[in-house]
Amino acid sequence: MAARNHVKWKQVPGQIRSGEYVDSRIYSDENIFKKEMKTIFSKVWIPVCHESEISEPYRFRTTTIAGVPILVVRDSGGEIHALANTSERRPSGKIELEVGFKDMPDPLHCDVKFGGFVWVTLNENPPTIEDWVDGSFDCMEKSLNAEPLDVFHYHKAIIPCNYKLWHDTNSEFYHDYLHYHNRITGFNESYFARENKCFNNGHVNVGSFEVQYDNYDGFESREELSFPHLPTNHWEMIDMFPGINFNLRGSALRVDVMTPLSPDKVMIEFRGLGLKSDTDKERLIRQRHHNSIWGPFGRNLHEDLIAVSTQQGTMHDHAEPRRILHGRHENNTIHDEVGMRHFYDEWGRWVDLWPGDPSLTYTEGQSLELQKVA
Ligand SMILES: [Fe+2]
């Protein structure tokens, strides 16, 4: 099995099913990237911001989806709309009344759901947001919708890696051994029993467990400020296709939204959210809990950012392609790669490429796989 020389290195893994590995070219190829923008990012729902960021009439925020400039704005009646952005250059601000909504371009589909996130899609005939997320929000919907939320932390980073690598680091958990903090606070029996659950449209939940924060020197339990309906110190997670992450951990919600810029560059926006009803003191504690792990100088986030940048460095355009295995089966528990297989199967169907060999269409790859099984 081991690749001991170049001939073996290049061979298709014989004993492994073809849905259990991906070809590294899917992380670096320019044409595949263009196809992803057209067939995936132009069709899916993206939570472009949170309603608390545009809390008053005429406040707006700009962003892009699949390279298309978008403006999200609240009207005088308080309703939120999304439009193609033709002229606004500021990232956020307030629209001047006299310019207002004159000559407004056609609106885009927009919906405010799941804790007040503003979801937008370029798709002209999108599924409802409920159909799109399938059951993936069941694990935290009650917690997110119990009372209004508020963004207390925002930073963005442009990372030299393919956007799928950021999805991967949020999805697979065996790299947890990389994180000292997670090893100290997390590796108990309930951690190893966490279950991956797959939903339609490529979404995955990683089951909850209780984090032992006080095992880490200087850290404290998140009990006091637990989100509503969330058991004490629990950690729920949704990995959404094609790369949005909702991460509810004790006292703070973290949401990652990715904007792919090129095959080897992604902008990631990181938001931390608490309850709008927080007192100043509660807010400070919540921010400390969030930032001590997930802030730019926390105990976890930068380790993932370094890891994905390094991974991309080995898969650049001129590197020899290789296959990346997702063949681990452990009854869907935490280190089982079922979530990765689910994501890449969905990815293959949307771009019509076989993830294990992108020179084949999805159907061609699938029929090869069926022959192998027969
Ligand atoms: Fe990580």
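This is a predicted model: local features need pLDDT of at least 70, side-chain atom pairs count only at pLDDT 80 or more; totals for chains, interfaces and linings use all residues.
## Where α5 meets α10

On the α5 side they are Y163, K164, H167, D168 and S171; on the α10 side they are G339, M340, F343, Y344 and W347. Sorted by class, the residues of this contact are five nonpolar, three polar and two charged.

How do the two helices lie against each other? Packed helices are described by the angle between their axes and the distance between those axes. For α5 and α10 (residues 338-351), the angle is about 150° and the axes are 10 Å apart. Angles over 145 degrees count as roughly antiparallel, so α5 is roughly antiparallel to α10. Their crossing is right-handed.

## Where α5 meets α9

Helix α5 (residues 163-171) also packs against helix α9 (residues 301-313). Here the angle is about 135°, and the axes are 10 Å apart. That angle makes α5 oblique to α9. The crossing of this pair is right-handed.

Which residues make the contact? From α5 come L165, W166 and T169, and from α9 come L301, D304, L305, V308, Q311 and Q312. By class, the α5 and α9 contact holds five nonpolar, three polar and one charged residues.

Now look at C161, which sits in the loop between strand β9 (149-159) and α5. Is C161 buried or exposed? Its relative accessible area is 0%, so C161 is buried.

Setting aside neighbours within four places in sequence, C161 is in contact with P263, D264, K265, V266, V308, S309 and Q312.

## The whole chain

Step back and you can find 11 helices and 16 strands in the protein chain. Along its principal axes, the C-alpha trace spans about 65 × 55 × 35 Å. A compact globule of 374 residues would have a radius of gyration near 21 Å, and the chain agrees because its own value is 21 Å.

How many of the residues are buried? Of the 374 residues, 53% count as buried. Contacts tell you about the fold as well: among those between residues at least 6 apart in sequence, 67% join residues at least 24 apart.

Technical notes: Residues are numbered from 1 along each chain as its sequence is written. Side-chain values use heavy atoms; hydrogens and water are left out. Axes are lines fitted to C-alpha atoms, for helices over the stretch in contact, and angles run from 0 to 180 degrees between N-to-C directions. Helices (H or I, at least four residues) and strands (E, at least two) are DSSP runs, numbered from the N terminus. Angles under 35 degrees count as roughly parallel, over 145 as roughly antiparallel, 65 to 115 as roughly perpendicular and the rest as oblique. A crossing is left-handed if the near helix is turned anticlockwise from the far one by less than a right angle, and right-handed if clockwise. Contact means heavy atoms within 4.5 Å. Ala, Val, Leu, Ile, Met, Phe, Trp, Tyr, Cys and Pro count as nonpolar, Asp, Glu, Lys and Arg as charged, and the others, Gly among them, as polar. The radius of gyration is taken over C-alpha atoms; the globule rule is 2.2 Å times the number of residues to the power 0.38. Buried means under 20% relative accessible area, exposed over 50%, partly exposed in between (1.4 Å probe, protein chains only).
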